[in-house]
Amino acid sequence: MVQKSGEHQILQSRHLQHLEDRLDVESVADLLEAVLPSARRPLPLHEPTFGGNEWSYVKECLDTGWVSSAGSYVDRLEGMLSEYTGAKHAIATVNGTAALFICLKLVGVGPGDEVLVPSLTFVATANAVKYCGAVPHFVESDERTMGIDADKLADYLKEIAKLQSDGCFNKQSGARIKALVPMHTFGHPTDLDPLLELCERFGLELVEDAAESLGSYYKGRHTGCFGKTSALSFNGNKVVTTGGGGAILTNDASIANLAKHLTTTARISHRWSFVHDQIGYNYRLPNINAALGCAQLEQLPRFLEQKRLLAKKYADAFRDVFGVRIFTERPFARSNYWLNVLILDEPYAHQRDEVLEVTQRRGLMTRPTWTPMHKLAMYQGSPKMQLSITENLEQRIVNLPSSASLVG
Ligand SMILES: *Cc1c(COP(=O)(O)O)cnc(C)c1O
């Protein structure tokens, strides 16, 4: 590793002679340690911060007995989410995976359909498609966004898709291609405009997996406001947490009503009768979790400031370092920097595990990205396009400790 200039030059150049064709991994770890507080080891990848009204809101649930399926915090959380994101409607759910599953059902994804999803994602994206009886069709990612590569997808669809009056069909499988699910990887907004255009051209529904991107904006608008429906997650490792939880966002009032209905066992409202008009789901977020969420959302602006500052520190530390870089937001994006990303340059991809080992030995809980979906046993037979960038990125991405609490 060679340093172009700056304060770390001496540190780096010490290793130059015998390490010129290898990444000096110990020096990478030194640079990380210089950014991070030294008081505590191990340092988790991402942990929540409870510094606001969490105790008092949760205590109120316990004191009043409203812990479960009724109580005011669910409505309050939904109102806060709608106001914060600008989505007209927000429906809280038991987790992000359930939210995404219902999002897909709401746009009409059904048995036998294919849904275009990135292979570089958390397994929930593909699983939610499967829960609909549909088939995930894996598409390539772009190194500049870590999200779906719209240009390559356009070329691919021109080749494999045919448009009929009743929708878009895969010429090879014969299945209807119903929807496209972009995911905002590690909080970085993907380039949505060309994807929206593709959906328009091929008659596909856009559903955003915005599980990682609460607080992230694309061209000034909050992510999750571009799809017909979108899913958020408040799992314990996300930007804000409800313990476990998620939400569906939509601008369509009738979809919002149906989302609420489906996620609350499809019960017809009545003073005493239990009548359900279809097979619904018990996916409602408990009030006690919503209480936690309200307290967390109140602190989101501060969390975002801290996370963006941490990202800047990482970026500054590695600015002039050859061999690696820190992923930074694109000009069209304002990112929540949920998980920071160190990307190894191509020639050093084979040293990824060494980076993981050295940093973890020092108590820094780094981790590789997800195994791409098309490599998982249950998805190996799924349709896919050429995924060489996805496989290449898998070898080069290392996630760095990113908790908001790591900055003052
Ligand atoms: C976290 C996450 C989900 C699902 O969230 P849960 O709340 O854990 O069910 C879905 N997709 C992506 C990309 C995620 O990171």
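This is a predicted model: local features need pLDDT of at least 70, side-chain atom pairs count only at pLDDT 80 or more; totals for chains, interfaces and linings use all residues.
Which polar side-chain atom lies 2.5 Å from an oxygen atom of the ligand? That atom belongs to Glu212, and the pair is a polar contact, meaning a pair of N or O atoms within 3.5 Å. Residues are numbered from 1 along each chain as its sequence is written, and side-chain values use heavy atoms, with hydrogens and water left out.

Staying with the ligand, a side-chain N or O atom of Ser233 is 2.7 Å from a ligand oxygen, and a polar side-chain atom of Asp209 comes to 2.8 Å from a ligand nitrogen. Taken alone, the ligand exposes 380 Å², of which the protein buries 92%, with areas from the Shrake-Rupley method and a 1.4 Å probe.

The shell around the ligand holds 15 residues, with Gly96, Thr97, Glu212, Ser233 and Lys238 the closest; a residue is near if one of its heavy atoms lies within 4 Å. Helix H6 (96–106) and helix H7 (123–131) each supply at least two residues of that shell, helices being DSSP runs (H or I) of at least four residues.

The ligand sits in the largest pocket, where sitting means that more than half of its atoms lie within 2 Å of the grid points, and a pocket is an open set on a 1 Å grid over the protein atoms alone, with protein on both sides within 12 Å along at least five of seven lines.

Methods
A polar contact is a pair of N or O atoms within 3.5 Å; within protein, one must be able to donate a hydrogen and the other to accept it, and residues adjacent in sequence count only if both atoms are side-chain atoms. On a 1 Å grid over the protein atoms alone, a cavity is a set of points where a 1.4 Å probe fits but cannot get out, and a pocket is an open set with protein on both sides within 12 Å along at least five of seven lines; lining residues have an atom within 4 Å of a point.
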